[in-house]
Amino acid sequence: MKSIFQTIQDFSVEELNLLDDLITIRTLKKGEFLLSENQVCNEIVFIKKGILRSFFLNHKGDEITNCFAFENEFMASFASFITEQKAEENIQALIDTELQVLNRKALEKLYQSGFNWQETGRKLTELEFVNLHKRMVSFQKLSGSQRYEELYKNHQKYLQLIPLQYLASYLGITPRHLSRIRKTVA
């Protein structure tokens with residue numbers, strides 16, 4: 001996690017060492033939940049190893065995958081974390097996953113310690129907004145095939161680990177259509 005923060009902001013060794021007492025380590029087994037719908041999200045996690053999936057249930061009760069997070073990425077129900085209201089999504093481990101966890105109180109301590117941590121929080125929030133915007137635009141401008149090609153280009157090593165129905169849901173296509181696309185892209 002420290003190396004990721006260092007790429008975002010020029011931290012001193014002392015500033016980065018603040019994390020040592022604030023980070024906790026957690027492991028999730030495949031299928032375990034980090035967060036369930038209607039819980040308040042009080043932590044942001046960094047994925048040291050593994051894959052997390054965020055999903056919600058639509059009006060029919062179908063699971064709709066809205067996000068995957070991979071090694072060296074952050075994950076949370078950001079809307080719930082920011083508003084301190086119940087989450088609308090679930091976050092689940094797709095494989096055994098190792099996390100570094102910053103809870104709300106720890107994050108507040110970092111923010112209070114100085115400008116660099118406040119600036120990093122702002123930059124990460126902006127990055128999350130940009131990623132959300134890109135995802136929204138991809139559904140308006142790209143085909144399911146093009147969305148799959150983007151995922152293939154950026155996260156190819158993980159695609160075999162994600163069940164077909166979750167990938168299809170994430171891409172907004174049927175599992176059958178995804179099977180056809182995978183044959184042409186691979």
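Me: How many bridges join β2 to strand β7, and in which direction do the two run?
Reply: This is a predicted model, in which local features need pLDDT of at least 70 and side-chain atom pairs count only at pLDDT 80 or more, while totals for chains, interfaces and linings use all residues. Residues are numbered from 1 along each chain as its sequence is written, and side-chain values use heavy atoms, with hydrogens and water left out. Strands here are DSSP runs of E with at least two residues, and helices are runs of H or I with at least four, numbered from the N terminus; two strands pair if DSSP finds at least two bridges between them. Strand β7 covers residues 90-93, and β2 is joined to β7 by two bridges, the direction being antiparallel.

Me: In what order do the four strands of the open sheet lie, and which are the edge strands?
Reply: The pairing in this open sheet is antiparallel, and the order of its four strands is β2-β7-β4-β5. An edge strand pairs on one side only, and this holds for β2 and β5 (63-69).

Me: Is Phe33 buried, partly exposed or exposed?
Reply: Phe33 lies in strand β2, which spans residues 33-35. Buried means under 20% relative accessible area, exposed means over 50%, and partly exposed lies in between, with a 1.4 Å probe and protein chains only. Because its relative accessible area is 38%, Phe33 is partly exposed.

Me: Where do the buried residues of helix α8 lie around its axis?
Reply: In α8 (residues 175-185), the residues Leu178, Ile181 and Arg182 are buried. Seen down the axis, with the arc taken from the directions from the helix axis to the C-beta atoms, these buried residues fall within 105°, so they line one face of the helix.

Me: Which exposed residues does the face of α8 turned away from its buried side carry?
Reply: The buried residues of α8 are covered by elements that include α6 (144-159) and α7 (164-171). On the face turned away from that buried side, the exposed residues are Arg176, Lys183 and Thr184.

Me: Which backbone nitrogen does the side chain of Gln100 reach?
Reply: Gln100 sits in strand β8 (residues 97-103), and because its relative accessibility is 10%, Gln100 counts as buried. Leaving out residues up to four places away in sequence, Gln100 touches several residues, including Ile23, Ile44 and Phe46, where contact means heavy atoms within 4.5 Å. At 3.3 Å, its side chain reaches the backbone nitrogen of Met1.

Terms used:
Polar contact = N/O pair within 3.5 Å; in protein donor to acceptor, adjacent residues only side chain to side chain.
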